[in-house]
Amino acid sequence: MRQNISSGSPWEAQIGYSRAVKVGNTVQVSGTTATVNGEVVGEGDPAEQTRAALGIIRTALETAGAKLSDVVRTRIYVTDISRWEEVARAHGEVFRDIRPATTLVQVAALIDPLHLVEIEAEAVIGG
């Protein structure tokens, strides 16, 4: 059975996506930026944007009945790879002991020029 998890963002209906989708015991979380109530948080600070995105991901996972400890993969997209260590440290604050498979790559741009980081997550409940 499929469960679509919404964040309430107006972009979800316009673009046609869900914050997360749960099928069985698997939860896929869409690319998540540091946008809270329509505003980008942590402007100019990739570590703070990472923390904010991971907080949004945590909420989506919990709504789906999952925990951060169920995360088996993250994908991190950054606009400036020279600042990867700041992003990696913030990711490590959450996942140091969980240690999911992860990818961290630079992209040309994200949807808003203020976004420095976007993160996807995959979780297997009980995994």
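I began with a definition: contact means heavy atoms within 4.5 Å. The model is predicted, so to speak of local features I need pLDDT of at least 70, and side-chain atom pairs count only at pLDDT 80 or more, while totals for chains, interfaces and linings use all residues. Residues are numbered from 1 along each chain as its sequence is written, and side-chain values use heavy atoms, with hydrogens and water left out.

**Entry 1: Q49**

I looked up Q49 and found it in helix α2, residues 46–63. Helices (H or I, at least four residues) and strands (E, at least two) are DSSP runs, numbered from the N terminus.

Is Q49 buried or exposed? Q49 counts as buried because its relative accessibility is 0%. The cut-offs are these: buried is under 20% relative accessible area, exposed is over 50%, and partly exposed is in between (1.4 Å probe, protein chains only).

Next I listed what Q49 touches. I left aside its neighbours within four places in sequence. Q49 is then in contact with A34, V40, V41, G42, E43, G44, L114, H115, L116 and V117. With L116 I noted an atom pair: the Q49 side chain reaches the backbone nitrogen of L116 at 2.8 Å.

**Entry 2: salt bridges**

Side chains of opposite charge can pair when their charged atoms come close. The rule I used for a salt bridge is a side-chain nitrogen of Lys or Arg within 4 Å of a carboxyl oxygen of Asp or Glu. How many salt bridges does this rule give? The count comes to five.

I followed R51. R51 forms a salt bridge with E48, and their closest N and O atoms are 3.5 Å apart. Both R51 and E48 lie in helix α2, three residues apart, which is about one turn of the helix. E48 counts as partly exposed because its relative accessibility is 34%. R51 is also at 34%, so R51 counts as partly exposed.

R51 forms a salt bridge with E93 as well, with the closest N and O atoms 2.8 Å apart. This pair links distant parts of the chain: R51 is in helix α2, E93 is in helix α3 (residues 84–95), and they are 42 residues apart. E93 is partly exposed, with a relative accessible area of 46%. I wrote down that E48, R51 and E93 are linked in a network of salt bridges.

Then I took R75 and E120. Their side chains meet in a salt bridge at 3.6 Å, N to O. This pair also links distant parts of the chain, with R75 in strand β6 (residues 71–78) and E120 in strand β8 (residues 117–124), 45 residues apart. R75 is partly exposed at 26% relative accessible area. E120 is partly exposed at 24%.

**Entry 3: the largest pocket**

Rolling a probe the size of a water molecule over the atoms shows where empty space is left. The search uses a 1 Å grid over the protein atoms alone and a 1.4 Å probe. A pocket is an open set of points with protein on both sides within 12 Å along at least five of seven lines, and lining residues have an atom within 4 Å of a point. Grid points are joined across faces, edges and corners, and a volume is the space filled by probe spheres set on the points.

The largest pocket has a volume of about 760 Å³. It is lined by 28 residues, and the closest to its centre are S9, W11, Y17, R19 and T35. Which element gives the most to the lining of the largest pocket? Helix α2 does, with four residues.

By class, the lining of the largest pocket has eleven nonpolar, 13 polar and four charged residues. Ala, Val, Leu, Ile, Met, Phe, Trp, Tyr, Cys and Pro count as nonpolar, Asp, Glu, Lys and Arg as charged, and the others, Gly among them, as polar.

A66 sits in the loop between α2 and β6. A66 counts as buried because its relative accessibility is 2%. Not counting residues up to four places away in sequence, A66 touches V27, L61 and I125.

N37 lies in the loop between β4 and β5. N37 has a positive phi of about 50° although it is not a glycine. At 79% relative accessibility, N37 counts as exposed.

R99 is in the loop between α3 and β7. Its phi is near 55°, a positive value in a residue other than glycine. R99 counts as exposed, at 69% relative accessibility.

Terms used. Polar contact = N/O pair within 3.5 Å; in protein donor to acceptor, adjacent residues only side chain to side chain.
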